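Please read it with the model open beside you.

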Amino acid sequence: MSNESGRAWVYPAMLWILVVLAPMPILGGATSLGAHVLAIVVLAGVVLLRGGVRGVAGGWVLGIAGALLVHTVLASLMSPCRDMLGRSLGSLGLLLMLIVATALVAAASGAERGPIGATLRWIMGVIVLSVLLDKAYLLWTNASVFIRPSGIFEEPSHLALSCAPVLAALVVSEHGKDKAVGWISVAMLMGLAASATLFVLFAACAVVALMLARRGGGVQRLLRGLGVAALVLLLVAVSPYRDDFLARIVGLGEVSAESNVSSLIYLNGLQSALANVEASQWFGLGLNRMGCEPRPVTDVTPLLEVWNLADFNYNDGSFTAAKLLSELGALGALWLLVGLGVLVALIRAGRREADADRRQRMALAAGALLVITLGAFVRGTGYFSGPYLLGLFAFFLFCRPSSRRSST
């Protein structure tokens, strides 16, 4: 048995950590710092102890770490913040450690052509079962019909961010068992969780995964993608939560006391990000310093004070893109652009790939990258959350030297 095939367990272990363990925070629901952070570091340590790794994306690791260190110095000089510096430096140290650990695990992720369908099926089985049990509990306690089950996840949008890439990788698989489990899981989660985020992200991830499909020409891939999008729109139309979805979307275009509260929170995050970017002259407040004094006052702030929600998203920006822009400024915007660039490169490389199992891995990676770029505009993620780290893992999987050589 080769050293590479002997580490084939590393990749499935990382998926279990990022998709199933990550939703279980150890410091409370207000943070994404959970047991998965320690598990990733331990997994990287095991990899090193068992013989080291080859093909680490060392250039990217050094580049990202250097950019974060330089940014920390500049932001401390340009930021209007005069508090929370200790929190910022602690977060920087932890993030740098996770970046190194994630790159090491990606480099030792096992035989690239090994199947992962069984792992994805078991992961979705655990998640769907948790949602079913959550729904049963809500029915037993006579909870409001507007409370949607999310299983092991804190809320349905968090479930969507983690599950969309996994679901897409299953439904586009060329293996019948994967496809069946994928579509059954899609139907059950959309029917039970009824998350607008799940509708949108699953459609986006599935379309990207279909673009990786080798069979058929470009027109056929486009038609299959449009078919998936049409099916998702149909599910939205017949969903009992359709009016709630529309209210949230319409609420983004107006600011009034009658607007949807979730829409107001989202708008407050966006306006806070723009105010923070302007105040820091695009250098950003500093890593994890959103919420420092002085806090920005937006048009939405007085309305949120009516519901005692004015402080609701000062620290997290309501969605990751707002937090990235507020705290990292131009560097945060660059990170999103790099993620999209790698996604495009991954799709182009996937079209030349003949192995079905490897294409499924690439579909999962493409979905993860899509989530941390487009999904960054969805409420529910942070620097240490599962979806964000899964996207970082996918980034290193594709950018490590051995992966780039094997895909060309």
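**Notes on the model**

1. Apart from its neighbours within four places in sequence, M24 is in contact (heavy atoms within 4.5 Å) with G34, A35 and I152. M24 sits in the loop between α1 and α2; helices (H or I, at least four residues) and strands (E, at least two) are DSSP runs, numbered from the N terminus. The C-alpha atoms of M24 and F153 are 7.4 Å apart, although 129 residues separate them along the chain. M24 counts as partly exposed, at 39% relative accessibility; buried means under 20% relative accessible area, exposed over 50%, and partly exposed in between (1.4 Å probe, protein chains only).

2. This is a predicted model, in which local features need pLDDT of at least 70 and side-chain atom pairs count only at pLDDT 80 or more, while totals for chains, interfaces and linings use all residues. Residues are numbered from 1 along each chain as its sequence is written, and side-chain values use heavy atoms, with hydrogens and water left out.

3. The protein chain has 17 helices and zero strands. Of its 408 residues, 52% are buried. Among contacts between residues at least 6 apart in sequence, 78% join residues at least 24 apart. The chain exposes about 17,500 Å², and carbon and sulfur atoms supply 68% of that area (Shrake-Rupley method with a 1.4 Å probe; for residues, only the protein chains shown count as cover).

4. Which residues touch the most other members of the largest nonpolar core? They are M124, F393 and F396, in a core of 104 residues. A nonpolar core is a set of buried Ala, Val, Leu, Ile, Met, Phe, Trp, Tyr and Cys residues joined through side-chain atoms within 4.5 Å. Leaving aside neighbours within four places in sequence, the contacts of F396 include A57, W60, V61 and I64, and also I99, T102, A103 and A106.

5. Helix α1 (residues 10-21) is mostly covered, with nine of its 12 residues buried. Among them are V10, Y11, P12, M14 and L15. The cover over the buried residues of α1 includes α2 (35-49), α4 (85-107), α5 (117-140), α6 (156-171), α15 (356-373) and α16 (386-399).

6. How do α3 and α4 run relative to each other? The axes of α3 (residues 58-78) and α4 come within 10 Å and cross at roughly 175°; axes are lines fitted to C-alpha atoms, for helices over the stretch in contact, and angles run from 0 to 180 degrees between N-to-C directions. Therefore α3 is roughly antiparallel to α4 (angles over 145 degrees). The contact is made by residues including V61, I64 and L68 of α3 and L92, L96 and I99 of α4. By class, this contact has 12 nonpolar, one polar and no charged residues. Here Ala, Val, Leu, Ile, Met, Phe, Trp, Tyr, Cys and Pro count as nonpolar, Asp, Glu, Lys and Arg as charged, and the others, Gly among them, as polar.

7. Some backbone angles deserve a check. Most residues other than glycine have a negative phi, and most peptide bonds are trans. N142, in the loop between α5 and α6, has a positive phi near 55° and is exposed, with a relative accessible area of 69%. N288, in the loop between α11 and α12, has a positive phi near 60° but counts as buried, at 10% relative accessibility. A cis peptide bond joins E293 and P294, with omega about 0°. P294 lies in the loop between α11 (261-279) and α12 (301-306).

Terms used. Angles under 35 degrees count as roughly parallel, over 145 as roughly antiparallel, 65 to 115 as roughly perpendicular and the rest as oblique.
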